[in-house]
Amino acid sequence: MSKVHVFDHPLILHKMTILRDKRTGHKEFRELVEELAMLMAYEATRSHPVKEIDVETPLAKARGWTIAGQEIAIVPILRAGLAMESAISRLIPTARVGHVGIWRDPQTLEPHSYYAKLPQDIADREAMVLDPMLATGGSAVACINTLKQHGCRTIRVMAIISAPEGIKKVQDAHPDVEIFTAAVDDYLNDHGYIVPGLGDAGDRLFGTK
Ligand code: PRP
Ligand code: URA
């Protein structure tokens, strides 16, 4: 079964509380999603390989390190994943970005894929799937299916808030995929929303409701 990493860094815990607050407006909400994505990526890349290189300072030669190993592809699920993408792209500027569009039917809660544009060499890259919400898990599983159909073998899911149901769905369908999250909440309500959650991530990010 795939591993689930739940972050408990004090900065993450603090920002998560403001993010959940219904009084937080969409500008601050978007900034918090970006900051949380950056902090989560910082933690999730902790074990990424580095290789030693020399660097010339203005005074002398120094030992340095550069990121090595598999190149990264950042894969936001449209649309809420976009806010996480912009932050992580700043942190890992060598990463390529693949966009996957998935729409969740509000009645059936089934995911519908409508768009996929991935880096040409996605099969050689480690993919970081980004979505603030892992609810039923349908969207994440559909995105992972698309990545695997394109030959991608190393896939991680980064979700700010997860429901136990979504974690189980990803683990059952893709036991090789690791999940990184800042919170595992209590349950899904009858409309497929995570409780307590934060409401509708896309609407709160973009002010569409
Ligand atoms: C939301 C969210 C995830 C999905 C999670 O997107 O951003 O992509 O639901 O739900 P799931 O785990 O049950 O599949 P939504 O479909 O509402 O689209 P949006 O990002 O365009 O608002
Ligand atoms: N999508 C959201 O934006 N929020 C939820 O709680 C579940 C799915």
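Begin by selecting Asp-121, which is partly exposed at 28% relative accessibility; partly exposed denotes the range between buried (under 20% relative accessible area) and exposed (over 50%), computed with a 1.4 Å probe on protein chains only. This is a predicted model, in which local features need pLDDT of at least 70 and side-chain atom pairs count only at pLDDT 80 or more, whereas totals for chains, interfaces and linings use all residues. Residues are numbered from 1 along each chain as its sequence is written, chains are lettered from A and ligands numbered from 1 in the order in which they are written, and side-chain values use heavy atoms, with hydrogens and water left out.

**Salt bridges**

A salt bridge here is a side-chain nitrogen of Lys or Arg within 4 Å of a carboxyl oxygen of Asp or Glu. Arg-125 is buried, at a relative accessible area of 4%. Side chains of opposite charge can pair when their charged atoms come close.

How many salt bridges does the structure hold? There are 14.

Next, select Lys-148 and Asp-176, whose side chains meet in a salt bridge of 2.9 Å, N to O. Lys-148 belongs to helix 4 (residues 138–149) and Asp-176 to the loop between helix 5 (164–173) and strand 11 (178–184), so this pair ties together parts that are 28 residues apart in sequence. Helices (H or I, at least four residues) and strands (E, at least two) are DSSP runs, numbered from the N terminus. Lys-148 is partly exposed at 30%, and Asp-176 is partly exposed at 44%.

Move to Glu-35 and Lys-15, a salt bridge with its closest N and O atoms 2.8 Å apart. Because Glu-35 lies in helix 2 (residues 26–44) and Lys-15 in helix 1 (residues 10–20), the pair ties together parts that are 20 residues apart in sequence. Lys-15 is buried at 18% relative accessibility, while Glu-35 is partly exposed at 33%.

Then display Arg-79, Asp-203 and Lys-209, which are linked in a network of salt bridges.

**Ligand 1**

Keep Arg-79 on screen: a side-chain N or O atom of this residue is 3.0 Å from an oxygen atom of ligand 1, a polar contact (a pair of N or O atoms within 3.5 Å). A polar side-chain atom of Thr-136 lies 2.5 Å from a ligand 1 oxygen, and a polar backbone atom of Ala-80 is 3.3 Å from an oxygen of ligand 1. Taken alone, ligand 1 exposes 510 Å², of which the protein buries 88%; these areas come from the Shrake-Rupley method with a 1.4 Å probe.

Show the 13 residues around ligand 1; Arg-104, Asp-131, Thr-136, Gly-137 and Ser-139 come nearest. A residue is near a molecule if one of its heavy atoms lies within 4 Å of it. Strand 6 (99–104), strand 9 (133–134) and helix 4 each supply at least two residues of this shell.

**Ligand 2**

Finally, select ligand 2, whose surroundings include Arg-104, Met-133, Tyr-193 and Asp-200. Which backbone atoms approach its oxygen atoms? A backbone N or O atom of Ile-194 lies 2.8 Å from an oxygen of ligand 2, and one of Ala-201 lies 2.8 Å from an oxygen of ligand 2. A nitrogen atom of ligand 2 is 2.8 Å from a polar backbone atom of Gly-199. Ligand 2 alone exposes 240 Å², and the protein buries 88% of that.

Terms used. A polar contact is a pair of N or O atoms within 3.5 Å; within protein, one must be able to donate a hydrogen and the other to accept it, and residues adjacent in sequence count only if both atoms are side-chain atoms.
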